[in-house]
Amino acid sequence: MRVCVMLLAASLLAAASAAQAQVVMTIGSGLAHECFLHAKAGANLSDGVEICTKALDHDILVRKDRAGTYDNRGVLLDMLGHTEMAREDFNAAITLDPTLGDPYVNLGAMLIKQGQHQDALDRINKGIELGMAYPHIGYYDRAVAEQMLGRFKEAYFDYKKVLELEPNFKMASERLKDFTVTRVPAKTQS
């Protein structure tokens, strides 16, 4: 049997605006860790950007933590609507540590909101391949990009994957309500 997935067209716009960003965890204390906490909480965004900038200017950071701090500041900038500055930070993070998956996923989430769904999907796939701090966010963002591209079956299974990884992730549960799954018997050869 083959699974056919159908989607209510009205949910496409809601899915595009629902792309999620994720943050890079830092260990210890200091401004870089405070930057991470602001990005994770998604509160006091302007203060968070300022703290991240101070961390980048004044903290002595190993390459991975510097890349993570750029990524976290990019998340905050994106939430503030400063997409070009966010893009610069995500790209700076990728340049500093191309093995870090989070900035690829965050850049992808930003590209979804800009309607660049195929580019977003390419970045998100790279981030998932590399690994990230919160994998369920990567799969969620990939599902949103797939949904926007009309790849409903792939989107459906990625939303299901999100709930495997994080059973209480409400946004994926809500997106799955947009799908109707039907089973169609496979055609027999005559």
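## Ground rules

Buried here means under 20% relative accessible area, exposed means over 50%, and partly exposed is what falls in between (1.4 Å probe, protein chains only). This is a predicted model, so local features need pLDDT of at least 70 and side-chain atom pairs count only at pLDDT 80 or more, while totals for chains, interfaces and linings use all residues. Residues are numbered from 1 along each chain as its sequence is written, and side-chain values use heavy atoms, with hydrogens and water left out.

Let's start with aspartate 158, which counts as buried at 7% relative accessibility. Its side chain meets that of arginine 142 in a salt bridge, 2.6 Å from N to O; the term covers a side-chain nitrogen of Lys or Arg within 4 Å of a carboxyl oxygen of Asp or Glu. Aspartate 158 sits in helix 9 (residues 152–165) and arginine 142 in helix 8 (residues 135–148), so this pair links distant parts of the chain, 16 residues apart. Helices are DSSP runs (H or I, at least four residues), numbered from the N terminus.

Arginine 142 is buried too, at 18% relative accessibility. Salt bridges with shared partners put Arg142, Glu146 and Asp158 into one network.

## Other salt bridges

The count comes to nine salt bridges by this rule. One of them pairs arginine 73 with aspartate 89 at 2.5 Å, N to O. Arginine 73 belongs to helix 4 (residues 63–79) and aspartate 89 to helix 5 (residues 83–96), so the pair ties together parts 16 residues apart in sequence. Both arginine 73 and aspartate 89 are buried.

Arginine 87 also has a salt bridge, with glutamate 84, and their closest N and O atoms are 3.5 Å apart. These two are three residues apart in helix 5, so about one helical turn separates them. Glutamate 84 is partly exposed, at 46% relative accessibility.

## A buried aspartate without a partner

Aspartate 102, in helix 6 (residues 102–113), is buried yet has no salt bridge. The nearest side chain of opposite charge is lysine 64, 7.2 Å away; Lys and Arg count as positive and Asp and Glu as negative, with His and the chain ends not counted. A polar atom of the aspartate 102 side chain does lie 3.0 Å from the backbone nitrogen of alanine 133.

## The disulfide

There is one disulfide, meaning a pair of cysteine sulfur atoms within 2.5 Å. It joins cysteine 35 to cysteine 52, S to S 1.9 Å, and the link is right-handed, with 90° about the S-S bond. Cysteine 35 lies in helix 2 (residues 31–41) and cysteine 52 in helix 3 (residues 45–58), so the pair ties together parts 17 residues apart in sequence. Cysteine 35 is buried at 0% relative accessibility, and cysteine 52 is buried at 0% as well.

Definitions and conventions. A polar contact is a pair of N or O atoms within 3.5 Å; within protein, one must be able to donate a hydrogen and the other to accept it, and residues adjacent in sequence count only if both atoms are side-chain atoms.
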